[in-house]
Amino acid sequence: MRIDVALVPQEIEGKNLEHVTAIVIDVLRASTCIANAIANGCDGVIPTVSVEEAMDISRAYARDDYLLCGERKNEKIDGFDLGNSPLEYISDRVQGKKLIMTTTNGTRAIRTAKTAPCVIIGGFWNISACCKPALALDRDILIVCAGQNGRFAMEDAICAGGFADKLSSLTDARVEETDGCLTARLLYNTFRERLEEALFQSAHGRNLINTGFGEDVKAAAVTDCVEVVPVFHEGHIVPMDISGSAKVHA
Ligand code: MLT
């Protein structure tokens, strides 16, 4: 089995992903929000690439049934219901709601991976939950880091290394790791005992701290606190069920 890490989504643009299981990571903060929203019983997340697309999609739903979510320049978008702070995605707000979400890099990266037969959304919160189901699909694995405006983001690469480490430890198959994967694992092994410190040092972590979102950075560094495996299926992010299929309520 091959484990590849795309350190920025541009590495996979236009590529045929039909033969891989993709795991998309945007630790700060879209993946972490999505994991919390799914754990707290939302009725799926629709990732969009623009504010306009999110507004267009919302017109198909009754106002009580959906929430508009996401950020631009870290801040909640004018007229939206939720921003991009994982701690906002509590059951009182999200339970039973369809979340229509647009973020600068995360939702875009998820859409870039859409040709893969299974696209899992991962962060530190759900590394262990995601790895067994990903391996059970018995395909090569491509981990896609959302990055930051087309550039490398350290927190995503560290988390990708955490995924690669866990995946390798759970399989008996011979694992071939690409240079992207080996590099991500090296980073993870450097920081595995001090993830919070690493996230605080990262450029996007510092940017979030400077704009008042330090608690989000701290929260995103927590490992394995939810059991959910969010998968992007037919335009919606929904929990993978135990049989490996997606539960969709379109
Ligand atoms: C993104 O998608 O670029 C991030 O989630 C941005 C953020 O931290 O708000």
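Asparagine 74 is buried, at a relative accessible area of 7% (buried means under 20%, exposed over 50% and partly exposed in between, with a 1.4 Å probe and protein chains only). The model is predicted, so local features need pLDDT of at least 70 and side-chain atom pairs count only at pLDDT 80 or more, while totals for chains, interfaces and linings use all residues. Residues are numbered from 1 along each chain as its sequence is written, and side-chain values use heavy atoms, with hydrogens and water left out.

Turning to the backbone, most residues other than glycine have a negative phi, and most peptide bonds are trans. Asparagine 74 has a positive phi, near 75°, and sits in the loop between strand 4 (66–72) and strand 5 (75–76); helices (H or I, at least four residues) and strands (E, at least two) are DSSP runs, numbered from the N terminus. Glutamate 234, not a glycine either, also has a positive phi, of about 50°. Its loop runs between strand 10 (230–233) and strand 11 (236–239). Glutamate 234 is exposed, with a relative accessible area of 68%, whereas asparagine 74 is buried. A cis peptide bond, with omega about 0°, links leucine 28 to arginine 29, and arginine 29 belongs to the loop between strand 2 (20–25) and helix 1 (30–39).

Oxygen atoms of the ligand lie 2.9 Å from a side-chain N or O atom of aspartate 26, 2.6 Å from a backbone N or O atom of glycine 106 and 2.8 Å from a side-chain N or O atom of histidine 204. The protein covers 99% of the 270 Å² of accessible area that the ligand has on its own (Shrake-Rupley method, 1.4 Å probe).

Finally, the cysteines. The count of disulfides, each a pair of cysteine sulfur atoms within 2.5 Å, comes to 0. Cysteine 33 is buried at 0% relative accessibility, and its sulfur is too far for a bond because the closest cysteine sulfur, in cysteine 69, is 8.4 Å away. Cysteine 145 is in no disulfide, with the nearest cysteine sulfur, that of cysteine 159, 8.1 Å away; cysteine 145 is buried at 0% relative accessibility.

Definitions and conventions. A polar contact is a pair of N or O atoms within 3.5 Å; within protein, one must be able to donate a hydrogen and the other to accept it, and residues adjacent in sequence count only if both atoms are side-chain atoms.
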